[in-house]
Structures are given as structure tokens and as C-alpha cells.
Amino acid sequence: MLHQLQTTYCGELPHQFTNPFCYEPHPLCLDAASQVRAFLREHTEWHQEISNGKMFGVLVVRSADAEDTSLRFLAAYSGLLDGRNDIPYFVPPIYDYLRPEGYFQQKQAEITKINETIRQLEGSVNMDSHPEDYTRLQRVEIAALKRIRRQQSEALQDWLFEQYNIMNARAQVKTLTQVFKDYYREQMLHPENFEVNQSRHHIPSGTGECCAPRLLQYAFQHHLQPLCMAEFWLGRSPKDEVRHHGQFYPACNKKCRPLLHFMLQGLDVEESFLERHNRELLTQVRTLYEDDTIVVIDKPSGLLSVPSRDAQASVLDWIRLHYATPSDSRDEDAYTPAPVHRLDQDTSGILIIAKTRDALRHLQHQFYEHTVRKTYTALLDGRPASDEGLITLPLRRDPIDSPRQMVDYEHGKPCRTRYKVIQVQENTSGMTILHPHQSGCITRIQFFPETGRTHQLRMHSAHADGLACPIVGDKLYGRTHLFASPSSYQSLLWPRLMLHATTIDFIHPCTLQPLHIESPVPF
């Protein structure tokens, strides 16, 4: 489990532990990851599975014994490898649900029998899709079995989460269920409503099986001092999201953020540069147009359009500073100016704010009817196969890693993006080119979105079925420099997402005259 770290690094050890959601891999983690990859190359029986895509992680540690100054590391993989969660080179799972004699496997076998019975009763025709093919008694019997299956599955999942005893750096222990409850109760503005809204805070399946929780759990249980951590992807990108071979990634939000919020208590963790940077963003907002009913601003990259649970600065904070409204909650007519639409946090450019309720309704109706015309300018890592065209990949939110989006041809929302290449310049940044039609270029491009889904332009750019050219500086879907530590962020070649809302055309909600607004591209 514990491996000697082979490294030529002679610098100082990390003063603070890695922020798992925003980091640049420490040289010690790079060396540890290289050793893991060398180990994996020796095991050819895993090559096919790994080539399909797998996340691995490393945690550099040292002994709690002050006299032992040697550096070691732990390694982990997410989920299963070769159908196992107990390969000796890697840390064990927090809870081993695969034990054949265990309660989980016994109950899972019972659920499997119910599934088989349902399949036999339904035959080749699904009852939910074609109920007319079944008699009333058959429908009642199958529906009852499906209800029992759902109840048993939910009960087994709840039982399983109670078996995960999560430890933090203070040696405190909570069940996974309690960790999630405490996290979401703490995040709520009105904790007294937690029980009512508890269904919104369910624990995703597979929680506790990612690399970071496994690594930290083993370190805490064996009294090892964590120094730095990193997770990296090997193999092909999944069809429904964007992952690049050899790239380092942050811990996921939906499953890991609540867990790590608890597990890291007691460690001195790096503060994200982005969090500190957001404090300065409110002074960077520029007004492009203003009258009695609307104000159009130039939003800087990094500023949220609307508030989030993370309490980062948002456009609403800027509104409150500039447009004070009566705080008397009894005034039913009081109205606080509000953004009419949204831009991603990392996207800069034009954003419309309605100063009256009527203006808000009028402008929202224009967006709903798709009569508002917008142009975005971006820099792409690579060169698209065509200089202009239409992208139609349907998108939906990734249920286990928000705010990341995924392509879903069955359940995704329709998305349409027209594009036109403006300029192609030689790539001097050292970025890796992974697709044959790319030629080491940075492409300046204009997007003309016909729909306005979350991360639409970013996914349509990065996904292999889109342009296969991520937007430069994209920390979610890009290939290089995805994350930044406080010490290195300023030195990165691309310190922001190179996507800017350049122009917008709409009908003024009061004068009913066409209005065209432009914002100069800052890159």
C-alpha cells in the first residue's frame, strides 16, 4: 500500500495541503503518478480496461514520526479495476461491499432474482412502454414486483451508506450519511427547512469510491501526514463527457465535495486563487449602456452571474452596491434589479440587467422566443476541421459532477451553435494536440448560439463530436493548465477562459426600438 517515492525534487515541501478542487499538481505528485503509470504498464492484463478510461490518484505522505523524514506515496483508482477493489498495490476501499458472504451481496442477489422474474414476465416487450400488451393481472403483478425492487434497492443503498465510516484529519468519524446531512444543512440559508428539502440532497450512487476519499481515509487510519494529492485520467474520454489522457483533474463536486469538506478538517488546505480573486472582481464591472429601465454591463471573467452556495462574488453583489432598494420586506412592490440572462462564471462580456419588473418580463420573453441575437468570440486549442458550420450536440447536466455537462442524445436538451473561424495562428504555448486535423494552432472563432444551454459553447468546442478543440483556458473541458494553485496561477499563459460575449441585439423593453450593444474582446 505504502510506496517509497522516487524523486529528484529538491525544493521545499508543500506548506499547505492541496486544494482538491483547484490545484496545479505538485512535482512530488508528478513523480508519484509516473511511478503508478510505470506499474500499470507492467500489468498488460489491465491495459484494455484502462484504455477505455479510468481515474487514478496519488497522495504523497510522510510518517508522523518526526525522525522519519522519508517521503512515500499512496495510490488509488476510482471504482473497480479488473472487477476488484482490493488490488494490493492500491489502497483498499473505505468499505468492501464486494465480499461474497456480506449482507450487501446477499441482498443484491435477492434484487437480481426479482429482476429475472420481471424479465420473464415481460418477455421482450417492456410493460412501461407497451402496457396494452398485458392483461390487468399481469400489469398488477409486474408493477408490484417493480415497486418491491425499488424499495429494496433504496433500502440497500441507505444501508450501504451507513457502513462507510468516514474519518477526518482530527480523527473524527461520521457515517457517509451523516457527512452529507451535515454538509447540506451547513450550506442552507435556512437550516430549519433541511428535513423538508432532504430529497434534494440525496447521496449519489458510488459515493466514497473515488480516489481522493480512499487515499485520505487510508492515510488518517494509519497516522500518515498528507503533503499533497493529485488525480489523473488514463485512457479514452467517455462518450458523455470530456476527459483527456494523462491530464490531472479536480475531485468531483456531487460525490466528493461533501466528503472532502469533512475529511480535510484539521488540515491546512490551500485557498483557491479563484476565491481570493473574486473579491476584486466587483471593481472590474463596466457599464456599457444604462437608462431608467435597463443597464447593460461588461462582466469580467470569474464573476458569477447569480449567487451560489460557495458565497463567491456575483453580479447581484454589484447590483446591491449600485442600486440600493428598500429593505422593508413588507413592501410587496419593492424590486431589486436582476440579471435577465446568465453568463458562465468564467465567461466575460455583455450581460443585461433589468431595473424594473416589467423590463424583466419583456426581456425574458425575448430570450424565451429566441429573438435575442448574441455573438461570442473565443480562442480554441487547435483548428476545427471546417471553417464554419453548425453543431447540434444535445446536452444535460452531469448528475454526479455538477456543473459539468454531458452529451445525451436521449435525454439531453437540444442545442444549436453556428460558428465561423476568424483567424488561425501558430500555437506557441506548448499545448498538446490530440486530433489529426489539428496542426498546433490557436484559432480565433466566432460563435452564434441559437440556444442558450449551460456550457453549450464550451462543450460544443471540446467534445470529440463537436469541434474537438477546447476553448483555451477552460478548466472544466480543456486539455492543459486546468487548475491553478495560488503560487502558480499568475504565471500561466492563459489565466482565464478565452470566451467573451461580444455583441447582443434585442428590442428595448420600453422604447420597443432595436438596440445593439458591443463589448471589445479583451484577448
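Trainee: What should I know before looking at the model?

Mentor: It is a predicted model, where local features need pLDDT of at least 70, side-chain atom pairs count only at pLDDT 80 or more, and totals for chains, interfaces and linings use all residues. Residues are numbered from 1 along each chain as its sequence is written, and side-chain values use heavy atoms, with hydrogens and water left out.

Trainee: What is the mean pLDDT of the chain?

Mentor: The mean is 87, and 88% of the residues reach 70 or more; pLDDT is the predictor's confidence in each residue, from 0 to 100. Over residues 189-194 it is below 50, and that stretch has seven contacts beyond near neighbours in sequence (contact means heavy atoms within 4.5 Å). Residues 326-330 are also below 50, with zero such contacts.

Trainee: Why are α3 and α4 called roughly antiparallel?

Mentor: Helix α3 (residues 103-122) and helix α4 (residues 136-163) pack at about 160°, with axes 10 Å apart. Axes are lines fitted to C-alpha atoms, for helices over the stretch in contact, and angles run from 0 to 180 degrees between N-to-C directions. Angles under 35 degrees count as roughly parallel, over 145 as roughly antiparallel, 65 to 115 as roughly perpendicular and the rest as oblique. So α3 and α4 are roughly antiparallel to each other. Their contact residues divide into twelve nonpolar, five polar and six charged. Here Ala, Val, Leu, Ile, Met, Phe, Trp, Tyr, Cys and Pro count as nonpolar, Asp, Glu, Lys and Arg as charged, and the others, Gly among them, as polar.

Trainee: What makes α6 roughly parallel to α7?

Mentor: The axes of α6 (residues 211-221) and α7 (residues 256-263) come within 10 Å and cross at roughly 20°. That angle makes α6 roughly parallel to α7. The residues in this contact divide into eight nonpolar, one polar and no charged; among them are L216 and F220 in α6, and L259 and M263 in α7.

Trainee: Which hand does the crossing of α6 and α7 have?

Mentor: Left-handed: the near helix is turned anticlockwise from the far one by less than a right angle, while clockwise would be right-handed. α3 passes α4 in a left-handed crossing too.

Trainee: How do you know that β1 and β3 pair?

Mentor: Two strands pair if DSSP finds at least two bridges between them. Two bridges join β1 to β3 (residues 72-77), and these strands run antiparallel. H3 has F73 in β3 as its bridge partner. Helices (H or I, at least four residues) and strands (E, at least two) are DSSP runs, numbered from the N terminus.

Trainee: Why are β1 and β7 said to stand at the edges?

Mentor: The open sheet has five strands in the order β1-β3-β2-β6-β7, with antiparallel pairing. β1 (3-4) and β7 (248-249) each have a single partner strand, so one side of each is left without a neighbour in the sheet.

Trainee: What do β8 and β9 form?

Mentor: A hairpin, with three residues between the strands. β8 (residues 286-290) and β9 (residues 294-299) pair in the antiparallel sense over four bridges, and E290 has V295 in β9 as its bridge partner.
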